[in-house]
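Hello,

Here is the structure I promised to hand over. Please look through it first; my notes follow below.

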Amino acid sequence: MSALCGAGACVGKYGRRPKTARPREFDMGSSEASGMQLGIFTVGDVTTDPTTGSTPTEAERIQATVAIARKAEEAGLDVFATGEHHNPPFVPSSPTTLLGYIAGQTERIILSTSTTLITTNDPVKIAEDFSVLQHLSGGRTDVMLGRGNTGPVYPWFGQDIRNAVPLTVEHYGLLRRLWREEVVDWEGKLRTSLQGFTLAPRPLDNVPPFVWHASIRTPEVAELAAYFGDGFFANHIFWPTSHTQAMVELYRRRFEHYGHGSPERAIVGLGGQVFMRPNSQDAVNEFRPYFDNAPVYGHGPSLEDFTALTPLTVGSPAQVVERTLGFRDYVGDYQRQLFLMDHAGLPLKTVLEQLDLLGEEVVPVLRKEFAVGRPADVPAAPTHESLLRARTAGEGTQSDSADNPEAR
Amino acid sequence: MKLTIITGGLREPSSTRLLADRLVTAVAGELEHRGDQADASFVELRPLAHPIMDAMLTGFTTDALQSAFQAVVRADGIIAVTPAFNASFSGLFKSFFDVLPEGALSDMPVLIGATGGTERHSLVLEHALRPMFSYLHAIVSPRAVYAATSDFGSQAGSALGERIATAAADFARLLSACSPRARRDLVDEDLASMQQLLGGATGGT
């Protein structure tokens, strides 16, 4: 930690915010206005509701996930992302099947993952699945890659967790080429080689889905994202904010090192976790049994300790707004904020109410406030359209630019 | 020499802390004798019990526990003392090392001690503590000190004093021979290996 914990400098760097709003001609009702995408991500856990003892069936959980995604679009959110898991009590083992169905039920929301396992999935299959999803969704697709930390999942897919880092690097190197080169000859150490392979279908408009690299704790992921000039998504919710600050600071510094632009031009996303009621004490009382029994941190720290240490916010919509706007103070202006809303056995009805509160009272304020004082050179969150425009204009902010190390 | 003393006693006053105090005083005296200074800081595990368990459950640490980790990592030598419970170290003592970041004790000179109701448990040092610290790649001082309740009585007191003095002399020699510890930056090492991998991966075919 030592080298990275000097990130106190980061507070000074990003902590002072100009108070004047920079005039922009965007419609304030969309992510274009603030350059920020606001959305939700789901883990897809099937968890008993600790207050009623009832457990949804897998079928109910999957249908609930679709209902949540549709509600997210209705509430005006920009992104819906699903996790990928290959063991009970989780249901999303086939994310692009789920997202493909949701794509047919929605019109505007961006469909993403949180995360797609770059280690245990074959890169050829990832390239194919997401190409098809791009076409089906009309470009409303990006992907967040992660390593996966459950040991037994690796051998189920013929891999070994001890190879996690080399697998990540080799698989991702191949995935990038499959999306960018018409005919691929490839040889690696951890997968059979490819001779004269052409991905079908080609990515929509020949623009690969934007890639985020997600990390809970490891600095290697920040390095990987920086190397390729891709997005870096810090899980944020399971670790103290000082850790997230250090990881983002590392990513931004290395992004510049690899020649993708100044640290402020790097593409950063954060996780978040909230539970709201108009009266904050109601939120605390209602959420506490879910917190106390939650699969990841239940029976551990108190709700109060966890709230103080991590970004978890349980309270009124105004408190959520204030806390979320504070994230900028330690990561700088960023591009994507995803909230975890539907875990730990919360019933669907409650989750949908939460999404209404998010859409009505939180997201509009965040859009407006995130735009205030955002410097002009901070890039907006990448979309298929923006990447297509950038490529057409011959001035990519990400992967296809001439200063990309891969293109050298 | 920066010495960090980890004590796992649960009661106040604690005989485990009492033994730790006597060990650090003896080691400091030996170091002084060799023209060196001891700079001692204590990590008491009892007040960290909740943060240690939370760290085990969530994977992250509170500030107080983080400071304890820093005190360990920055030390040139460790004195670790635990009460003997059920033929082993206490669960709290073990849990601290279970959540301590990997590599924190690599190449670290360690003097081990234990306390218990009777001297019949003294081999806990050789059967429980020494293997764990060896596994963590610490350099465990050859002479460990066990103090039973009776050792604190006046009749047996001098025998304990002699064991402490001999163990302290050994440990001071070990500390001097090892000299101040070179600190590895594990984050930098991870990044260096990642950079190497990336360098290889982009070569393509």
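A search of the whole structure turns up 25 salt bridges over all chains. A salt bridge here is a side-chain nitrogen of Lys or Arg within 4 Å of a carboxyl oxygen of Asp or Glu.

Some ground rules. This is a predicted model, where local features need pLDDT of at least 70 and side-chain atom pairs count only at pLDDT 80 or more, while totals for chains, interfaces and linings use all residues. Residues are numbered from 1 along each chain as its sequence is written, chains are lettered from A and ligands numbered from 1 in the order in which they are written, and side-chain values use heavy atoms, with hydrogens and water left out.

**Salt bridges in chain A**

Lys71(A) pairs with Glu74(A), with the closest N and O atoms 3.4 Å apart. Both sit in helix α3 (residues 58–74) of chain A; they are 3 residues apart, so about one helical turn separates them. Helices are DSSP runs of H or I with at least four residues, strands are runs of E with at least two, and both are numbered from the N terminus. Lys71(A) is buried at 13% relative accessible area. Glu74(A) is exposed at 62%. (Buried means under 20% relative accessible area, exposed over 50%, partly exposed in between, with a 1.4 Å probe and protein chains only.)

Glu304(A) and Arg288(A) also form a salt bridge, at 2.7 Å from N to O. Glu304(A) lies in helix α11 (residues 303–309) and Arg288(A) in helix α10 (residues 280–292), so the pair ties together parts that are 16 residues apart in sequence. Glu304(A) is partly exposed at 43%, and so is Arg288(A) at 28%.

There is a network too: salt bridges link Arg277(A), Glu286(A), Lys349(A) and Glu353(A).

**Chain B**

Chain B has 7 helices and 7 strands. Buried residues make up 46% of its 205 residues. In helix α1 (residues 15–33), Asp21(B) and Arg17(B) are 4 residues apart, about one helical turn. Their side chains meet in a salt bridge of 2.9 Å, N to O.

**Between the chains**

How many salt bridges join chain A and chain B? The count is 0. Still, 31 residues of chain A are in contact (heavy atoms within 4.5 Å) with 21 residues of chain B. The buried area is about 2200 Å², and carbon and sulfur atoms give 73% of it. Buried area is the accessible area (1.4 Å probe) that two parts lose on being put together, summed over both.

Best wishes
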